[in-house]
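Could you take me through this model stop by stop, telling me what to select in the viewer and what I will find there?

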Amino acid sequence: MANQDASLAKPARQKGLPIKARRAIAYVVLTIVVVMCLFWFYVLVINTTRNTGELAAGFTPFPSTHFIDNWKSLLADSLPMVKGMFNSLLVATLTAVLSTYFSTMTAYAIHAYDFKLKKFIFTFILMIMMIPSQVTALGFFRLVLKMNLEDSYIPLIVPSIAAPVTFYYMKQYMESNLPLSLVEAARIDGSGEFRTFNSIVLPLMKPAIAVQMIFTFVGSWNNYFIPALIIHDTKKMTLPILLARLRSADWLKFDMGKVYAMILFSIAPVVVVYLLLSRFIVGGVAAGSVKG
Amino acid sequence: MSDQNNGKPAEQAQASALMQGKSGASAPDGKAAARKNKKAVSYNRWGYYFLIPFIVVYLIFSFIPLCTTIYNSFFINYLARMKQVGPTFDGLGRYVKLLQDGDIFVYLKNTMIMWIMGFVPQILLSLLLGAWFSDPQLRLKFQNFFKTVIYLPNLIMAAAFGMLFFALFADSGPINSILVSLGIFKEPFKFLANVWSARWLIAFMNFLMWFGNTTILLMAGMLGIDPSLFEAAQVDGATSSQIFRMITLPLLRPILLYVVITSLIGGLQMFDVPQILTNGSGAPMNSTKTLVMFLNEYLKNKNYGMAGAVSVLMFIVTAILSIIIFRINSRTNK
C-alpha cells in the first residue's frame, strides 16, 4: 500500500523507472550480451595455446604455452590449411572486385540512362534479389559439369558479377550521392561514356564500393554450400571445405589443440580486418542506409 | 542463413527506404531533360552496353540453372550402385514421390522449429537493443563498441563456427568441463545426442549470428521515426515502455515484417551450421536435418530428379515470400 501511495504522489512525468535505473539495466544487459558474443572466441583462443593432454584435463581460463606447437602441427597436417587460406583469399578478393565493379556498372546503367527496357530490367532485378543460390544449385552444378569447370574457381567467382543485392545498394547510394550534372559536365568536356564511368563515377562511389567489397569478400570467404559441390581437389579447397573435411575425420585420433588452431586460423583474417575497419563498417552501413 | 551474408547493407538501405517512404524505383531526376536532348538518345544506348555483363552472367549462371533445375525435376535420373538410371520422363512423378515419402515434411518441420527457436529471442533482443541504442534520453556510452561486438558473430564463417561449437560442446569439451566443475551437471551432458539440446544449440548459433544484424536494421528504422513524436509523447507523460509500445512498434511494422520475411527466407536456407555440427547426418535421428541438407544429400548422390523436385518446391516457397516483400516495398514506396 505504501508503495502505491508513493507512486501516486509522484507527478505523472516520473512514471516508470527513472532514467538512471534504466541506464544501469541497459549496461548490465549489454555486458551480458557482450560476454555471450565473445565467450566462445575467448575459449577458442585459450584452447589454441594448450596441448591435447591439458585440453583433456578440463578447461582453465588461462592460456598455456603450446601455441607454437599447435601452429606447427597445423602446418604439418595433411589438410593444406595455408594453401586453403591462399585459395580463399584469391577467390574472395577476385569475387569482391568483380562483383562491386560490375554491380556499380549495372546500377549506373539504370541510374544514368534512359532506355526502353529500363523499368522492366530494374523491376526484374528487384524480383530475383531474394532467390537463394541453393534452389538453382542443381542446374548450376550440372552446368559446371557440362562446361568442364569442376575444380575450377571460375564458377565461384564469375557468377558474382550478377549480384542483385550489391546492385541495389549501389543504386540506392547513387540516388543520393551521384548528381547527374557531373556526368553531363564530363560529356560536354568530351569524355566518353565508359571513361566517365571509370574516372568520374567510380571514384565518387568509393564509400559504397568499400562497404560492398567488404561484405562481398566476407560472403565469399565464408561460402560453403556451392564451393563444396564444385571443388573436390584437396589442393584447391577453400577454408570452409577444409573445415568440413576436418569435421568428418576420425575424432578419436585427433590432436584437439591443432583443431582449435585450425578454427582460429580460418576466422582470424576476417576478425582482424573487421576490428580494424569496424567503425567504418558498422557506421558506414548505418550512414549509407539512413541516406539510402 | 549462409548466403545472406553480403546482403546486409542493401537490406538496411531497403529497410530505411521503407521507413522514409522513398522510392527505390523512382526514375532519376533529369530524366525529362535528358529526353528532350536529341544527343541524349545516342548516350542512352550506353545503358544497354553497361547492362551486358550483368545480363550475360545472370542468364548463364542463374537463369539457365533455374530452367535446368525445373527441367530435371520432371525426370527420373539417378545413380544406383554405380549404375545410371534414366533420365526417363516422369512428369510430376518426382513431386508425387517426394510428397508421398513424407521425409520433406520432417525436414521442413526441423528447419522451421530451429528457425523459430532462434528467431523469437533474436527479434526480442534486437528490439530491446535497437530501442536502447536509438533512445536519445538514454545516451548510452560505448555504443560503437557494443555494436561492433554484436555484429562480429555475423561475419564469422558459419563452417568455422559450427566446428568451434562442435569442439566446445563435445562430451569431453570445455563447456562440459565447466558445467561439471561448477556442479551444474554431475557428468558430461551429451549435447549433440539429445534432440532438443542439439536443436537448441543450432538455434542459439543462428540467434548469435543474426541478432546483431537485426539490431542494426531495426535501429536504422527507429532512427528514421520523426523525433517530435517521441517528444510529444514525453511531454504528455508517457513512460519509455509506453512510447515503445504505442509509437515505435506500430511505426516499425513495415520493417518488422520485412525482417521476419527475410529471416524466414534465410531460415529456409539453413545449412552450414547444422551440416558441420552434425557432419551432415542431422543427428540425433535426423532431428536437426534441414531442407537444404536434404537437397545437398540428393545432389551428392547425383539423384537429379529428386534434387530438382526439392529445389522447385523451395523455389516456389521463396518466390511467394519474395513477392510479399516486393509488395511491402512498393506499397510503402507509393
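Select helix 8 of chain B, residues 174-181: this helix is mostly covered, with six of its eight residues buried. Buried here means under 20% relative accessible area, against over 50% for exposed and partly exposed in between, with a 1.4 Å probe and protein chains only. The buried residues are Pro174(B), Ile175(B), Asn176(B), Ser177(B), Ile178(B) and Leu179(B). Step past the helix to Gly183(B), where phi is positive, near 80°.

A word on conventions before the next stop. This is a predicted model, in which local features need pLDDT of at least 70 and side-chain atom pairs count only at pLDDT 80 or more, while totals for chains, interfaces and linings use all residues. Residues are numbered from 1 along each chain as its sequence is written, chains are lettered from A and ligands numbered from 1 in the order in which they are written, and side-chain values use heavy atoms, leaving out hydrogens and water. Helices (H or I, at least four residues) and strands (E, at least two) are DSSP runs, numbered from the N terminus.

Now show helix 2 of chain A (residues 19-48) with helix 5 of chain B (residues 103-134): their axes come within 12 Å and cross at roughly 130°. Axes are lines fitted to C-alpha atoms, for helices over the stretch in contact, and angles run from 0 to 180 degrees between N-to-C directions. The two helices are therefore oblique to each other; angles under 35 degrees count as roughly parallel, over 145 as roughly antiparallel, 65 to 115 as roughly perpendicular and the rest as oblique. On the chain A side, pick Ile25(A), Ala26(A), Val29(A), Leu30(A), Val33(A) and Met36(A); on the chain B side, pick Leu125(B), Leu128(B), Leu129(B), Trp132(B) and Phe133(B). Contact means heavy atoms within 4.5 Å.

Finally, zoom out to the whole of chain A. How many helices and strands does chain A have? Its secondary structure comes to 15 helices and zero strands. Of the 292 residues in chain A, 53% are buried.
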